[in-house]
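Student: Please take a close look at one part of this structure, beginning with a single residue and its surroundings.

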Amino acid sequence: MAVTNKNSEIKTHKVKDVILGVLLNLVLVIFSITCIFPLVWMIYSSVKEKRAFNADIIGFPKQPTLENYIRILTNSDYHLGESMMNSVRTTALSVLFIVLFGFIVGYILARVRFKGNRILYGMFLMGMLIPIHSLLVPIYVVFNRVGISNKWFTLLLPYISFGLPLAIFLVEGFVKGIPVALEEAAAIDGSSFSRTLWSIILPICKPILVTIGIISTFGNWNEFSFALVLIKNQALQTVPLALTQFKGQFASDYPKQMAAMLITMSPIVILYFAFSKEIIKGMVAGAVKG
Amino acid sequence: MKKKVISILLSTAMIASALGGCGSSPETPAADTAVPAETPAAPAETTAAPADDTASSSDSSSLAYTGELEIMHYSTSEESQGNGGSDGFRTVLADWDAAHPDITLTQNILANAEYKTQIATLAAADDLPDVFLLQGMNTIEWAKQGLVYDLTDTIKASPYYSDYNTAYFTPFTTEDKIYGFPCLTGGTCTVVLYDKQMWKDAGYDAFPTTWADVEAASEYFNGQGITTVAFGNGGKWQANSCFMSTLGNRYTGPEWFSGLIAKSGASFEDAEFVASLAETQRLFTETKIFNPDYNAVTNEDAREYYIAGTAAAFIGGNWDESYIAATLQESDPDKWANIGFAVLPQPADATKAPNSQNIGLGYAVAINSKVADDPDKLAAAIDLAEYITGPAFSSFVAEKYALGGLTKVSDVDLSGFDQITQDFYNWSYIDTETCEIYDSYINSAVWDVFNTDLQDLMNGDKTPEEVAANAQAAYEANY
């Protein structure tokens with residue numbers, strides 16, 4: 001009798017576990033669907049005609065067509081290829097400099113004691129508090145007077161400047177967590193300052209640098225305000241700016257816009273697949289998680 | 001392995017897209033003269049107006065200037081598909097460019113919303129392009145700051161002056177000085193499209209001329225499960241541009257709005273205007289005329305209700321008319337043939353202009369005042385502005401799209417157009433009175449406040465008096 005009761009208890013327990021598991025998984029599945037649905041919606045909407053989309057925004061295409069892709073790729077006025085190249089160049093260079101300068105400055109602020117260290121650190125952090133929109137006109141005026149607006153490198157300056165505070169903040173915090181004994185041991189072994197920096201500290205900081213790289217890449221790839229104000233030449237436009245041309249004054253061609261977005265997303269997706277392991281590691285090990 | 005395959009596929013897509021865009025010459029886009037899919041059917045034999053049927057001012061030999069001339073506008077390739085004005089603008093601009101090989105015409109083309117942001121930044125930095133599109137609501141401020149060249153004498157001396165529709169200059173005029181050549185096409189912002197057959201079935205030979213009759217008809221339509229009038233104000237600007245501008249005029253008459261522009265004593269809190277707000281609130285909250293989601297959907301969604309037959313009428317602008325007509329002509333020719341046009345019905349307590357609809361040109365081609373430092377360059381800029389708003393443009397849009405521009409085109413041959421296009425042309429330019437489009441004037445700071453409040457008013461969350469008081473406060477603070 002006691003054995004039967006115990007068995008039924010175990011069975012009830014198992015059923016409860018199964019129900020709980022199903023419920024938890026259901027929640028996760030629903031959450032995952034809400035995350036992935038916009039992308040799926042974008043993919044199938046991009047093969048819809050504008051009128052079919054307007055008539056039924058969510059529905060699946062009844063007559064899928066690649067017309068949107070063909071129009072985008074064959075109309076040179078859209079200059080998507082050029083804008084992608086501009087975005088790749090601007091993003092790659094700005095991320096490189098943000099990571100490089102962020103690492104050096106962050107390390108020095110964390111390790112080297114000098115007068116004004118904290119003031120300098122505070123000033124860098126202030127950069128994160130300034131709303132960039134309030135600086136658009138002054139920056140435009142300065143760039144214009146100096147003659148550096150509307151050039152291929154124009155966007156690098158604000159992107160690096162506004163990317164650095166976060167990079168410095170993250171590197172400084174990360175380096176403080178590394179035992180000083182490591183650098184002392186290196187010094188005893190005869191390692192110079194720069195050798196210690198590049199050969200010992202840099203590899204240890206790799207996860208946080210990857211995190212900075214990810215944040216900066218997405219931020220710079222999607223940046224719109226500076227690109228709009230500082231770039232006048234269409235040949236220098238970046239992707240977010242080029243995508244606005246699918247929006248009219250009174251009406252928008254959303255399926256075409258979505259097709260263009262999917263095309264322009266491809267470099268970032270390639271980047272993700274190429275560095276997925278590093279990215280996951282960076283997200284887990286870095287100060288900014290998931 | 002899978003990742004490699006995906007990476008290879010995506011790389012191929014990227015390279016293909018890059019190659020697709022590489023052949024562009026963005027600085028001088030070629031005119032796209034293809035008939036856009038969404039525009040009224042154009043007669044097959046119609047071609048663009050040749051450049052030589054207009055005055056010879058665009059002849060390169062008459063201009064001494066050689067060098068760069070910069071123009072900024074928002075007629076993107078995308079915008080020109082389905083928008084006759086943009087198509088015409090790009091076409092005549094390309095004609096002028098081709099006729100002046102010694103002048104390098106540099107075009108900075110952005111979509112409308114981005115154009116407005118960038119031009120505002122450039123104005124704030126006193127770095128406007130040589131030639132640009134001036135929005136009516138910026139005229140007073142920019143003229144006061146000396147950013148825009150005074151074109152009064154130039155316009156009055158223009159060979160086309162006698163053909164100009166001078167009413168279109170009003171938004172670009174301040175203190176008796178004109179600062180731009182109104183451009184693109186003047187289409188109505190408030191038209192009621194209705195299905196003649198559906199209204200006939202409801203017992204009406206034409207769309208009612210009073211809201212009381214529309215209200216009565218809504219009982220019939222609601223019984224059929226049909227929305228009487230579809231309207232979309234999800235973007236907030238629609239209720240202002242496509243409803244209030246006309247309805248307000250029915251209460252206040254044009255003098256009130258002229259007084260508001262001139263700051264000569266008119267106020268948003270004037271009883272007539274508050275009455276128009278009260279009527280708007282009553283129509284949207286107390287009657288069942290409109291689709292219940294009018295404040296959540298945009299005009300693009302609401303017009304689909306009409307196309308699908310779930311609404312018997314729709315209120316929108318000329319851009320909606322061209323979309324609906326083109327869609328129905330293709331998908332439902334019978335319904336297309338039943339399209340009728342009407343002005344907004346008259347409220348019971350309104351006494352002014354019952355046959356009015358708001359129409360105008362929201363932008364003008366203007367010239368940076370700094371260009372005047374170089375007389376030759378100024379002459380080139382004036383020639384450009386005059387040409388792209390002159391007879392070449394008006395003939396092109398009249399013959400291809402049955403639309404009107406700044407310059408009147410005599411004897412527009414409508415016979416090549418289908419009946420609906422002809423009806424709409426006559427309704428827009430001949431059979432109705434016109435009034436102003438509110439947000440072509442004053443400034444965006446005022447309209448931002450007003451549009452948000454208007455949405456609340458239509459939800460029943462604010463009283464007409466509150467909306468009027470807030471608008472007046474914004475007006476006094478920003479204008």
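Tutor: Gln257(A) touches Leu243(A), Phe246(A) and Ser252(A), leaving aside residues up to four places away in sequence; contact here means heavy atoms within 4.5 Å. This is a predicted model, in which local features need pLDDT of at least 70, side-chain atom pairs count only at pLDDT 80 or more, and totals for chains, interfaces and linings use all residues. Residues are numbered from 1 along each chain as its sequence is written, chains are lettered from A and ligands numbered from 1 in the order in which they are written, and side-chain values use heavy atoms, with hydrogens and water left out.

Gln257(A) lies in helix 13 (residues 254-274) of chain A; helices are DSSP runs of H or I with at least four residues, numbered from the N terminus. Because its relative accessibility is 13%, Gln257(A) counts as buried, a term that means under 20% relative accessible area with a 1.4 Å probe and protein chains only.

Elsewhere in chain A, Leu100(A), Phe103(A), Ile104(A) and Tyr107(A) of helix 4 meet Phe193(A), Leu197(A), Trp198(A), Ile201(A) and Leu202(A) of helix 9. By class, this contact of helix 4 with helix 9 of chain A has nine nonpolar, no polar and no charged residues. Ala, Val, Leu, Ile, Met, Phe, Trp, Tyr, Cys and Pro count as nonpolar, Asp, Glu, Lys and Arg as charged, and the others, Gly among them, as polar.

Methods
Helices (H or I, at least four residues) and strands (E, at least two) are DSSP runs, numbered from the N terminus. Buried means under 20% relative accessible area, exposed over 50%, partly exposed in between (1.4 Å probe, protein chains only).
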